[in-house]
Amino acid sequence: MTAMCSHYNRFKTYLLALVFGVSSLALSTQAYAQAPDAAQIEKGTAVFDANCKQCHAIDEVVVGPALRDATKRWPSEAAILNFIKYPQKTIEGGNAYAKGLYDKYKQFMPNHDFLKDDEIKAVIAYIKNPPAKVEEKKTDAAGAEGAAKEAAPADNGVITYVLAALVLVLFLVLVVLGLLVSVLTKYLNSNTEGLDEDDKEVISQTLGFDKFFGSVAFKAAVGFVFFIMIAKAGYDKVYSVGIHQGYAPRQPIAFSHKLHAGMYEINCNYCHTGVYKAKSASIPSVNICLNCHNSIKTESPEIKKLYSAVEKNRPIEWVRVHNLPDLAYFNHSQHTKVGGVECQTCHGNIQDMEVVQQHSSLTMGWCINCHRETVVKAEGNAYYDKLVAMHAKKSKEPMKVENIGGLECSKCHY
């Protein structure tokens with residue numbers, strides 16, 4: 001009986017150990033599965049910024065709802081994935097939460113069926129692990145003005161006063177010298193005894209403006225300066241033919257890049273859909289504008305122009321700002337996607353422009369100089385491996401665009 005009890009106690013101990021081990025393994029596996037994947041979150045951030053940021057934010061309502069804790073409001077991840085891909089179909093299919101979103105915001109989210117499942121899951125991972133909420137420090141206008149005054153250099157006013165004092169001193173010196181000359185001239189004129197004829201002529205002489213302006217030297221100098229000015233103006237006029245740097249036409253709708261691209265950080269790709277994948281960046285159609293403005297600032301006179309265009313079935317007649325001549329070939333995606341050129345390189349600080357203007361000259365010399373200075377971004381692109389190896393044998397300098405045919409005429413003129 002004692003031996004049987006001993007075996008029973010030993011079996012019970014083994015069973016408890018097994019249960020504890022399996023439970024620990026399950027808990028550790030679950031914790032590992034739920035641990036955020038940094039690479040997936042980073043991928044989700046990139047996909048979110050490219051496709052979702054225009055209408056959604058983590059902590060504020062933009063066009064659609066704020067997304068912090070949004071995953072907790074859906075029954076499953078599969079439901080979220082299906083809604084992102086086919087929102088209208090999900091709403092019409094009777095999903096109560098999706099219908100509630102539509103009733104609140106009065107618009108359909110565009111289909112995102114072009115996104116892969118792993119990309120949507122990455123976005124979900126980003127929403128589950130968003131950046132920490134930043135608490136904004138509120139300062140009143142007086143405090144802000146005081147801070148600005150403290151930040152400004154304190155000696156600017158002092159320098160101005162010093163310069164003004166120096167100018168005043170110089171003026172007083174000139175006045176004193178003029179008075180001294182006048183007094184001495186009168187004194188010498190009243191005491192001419194002992195002075196020879198040359199000294200008397202010096203004392204009595206006056207500035208002859210007629211002789212000065214009528215002299216050959218003066219006329220020659222004026223003619224030379226006039227000729228140089230005419231030649232320079234003519235040269236600048238001829239050289240500027242076809243160059244529209246600074247051109248900022250008035251558009252049919254007052255669209256602010258400073259507001260959209262700057263304040264709201266809307267990706268260029270959202271409006272200019274060909275910026276990374278086509279020869280030209282393309283001009284946004286009316287429906288792209290209405291993705292947001294069917295519910296934002298609908299009473300604005302400028303936005304009403306969009307509705308008018310739809311009613312009349314006519315496009316917005318945007319005025320082109322950047323226009324290369326037909327004899328020059330330029331591929332937008334080759335520069336932005338393959339070359340990794342930032343928009344600001346050619347277009348300037350577009351995010352700060354209320355009215356877009358042509359920032360660069362876009363001349364042939366400007367393009368060639370860029371090809372001479374720009375280093376090819378060959379990392380991670382196997383296409384360039386052999387070219388990099390061949391270039392390394394001849395030069396220790398990094399491979400630039402000119403080294404791979406960037407200065408050949410046929411590259412741009414065909």
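**Close-up 1. Val-169, a partly exposed residue at 47% relative accessibility.** In this predicted model, Val-169 belongs to helix α8, which covers residues 156–190. Together with Val-173, Leu-174, Val-176, Leu-177 and Leu-180, Val-169 forms a nonpolar surface patch. The accessible area of these residues together is about 540 Å².

**Close-up 2. A salt bridge between Glu-77 and Lys-128.** Here the two side chains meet at 3.6 Å, N to O. Glu-77 sits in helix α3 (residues 77–85) and Lys-128 in helix α6 (residues 117–128), so this pair ties together parts that are 51 residues apart in sequence. Glu-77 is partly exposed, at 34% relative accessible area, and Lys-128 is partly exposed at 47%.

**Close-up 3. Lys-85 and Asp-117 in a salt bridge.** The closest N and O atoms of this pair are 2.7 Å apart. Distant parts of the chain are linked here, with Lys-85 in helix α3 and Asp-117 in helix α6, 32 residues apart. Lys-85 is buried, with a relative accessible area of 16%, whereas Asp-117 is partly exposed at 36%.

**Close-up 4. His-371 in helix α18.** This helix spans residues 364–373. His-371 counts as buried because its relative accessibility is 17%, under the 20% cut-off. Leaving aside residues up to four places away in sequence, His-371 touches His-335, Lys-400, Val-401, Glu-402, Gly-406 and Leu-407.

Terms used
Residues numbered from 1 in each chain as written. Predicted model: local features only at pLDDT ≥ 70, side-chain atom pairs only at ≥ 80, totals over all residues. Heavy atoms only, no water. Patch = residues over 30% accessible without salt bridge, like charges linked within 9 Å, V, L, I, M, F, W, Y side chains within 5 Å. Areas by Shrake-Rupley, 256 points an atom, 1.4 Å probe, with all protein chains shown as cover. Salt bridge = Lys/Arg side-chain N within 4 Å of Asp/Glu carboxyl O. Helix = DSSP H or I, 4+ residues; strand = E, 2+ residues; numbered from the N terminus. Buried < 20%, exposed > 50% of the residue type's maximum accessible area, 1.4 Å probe, protein only. Contact = heavy atoms within 4.5 Å.
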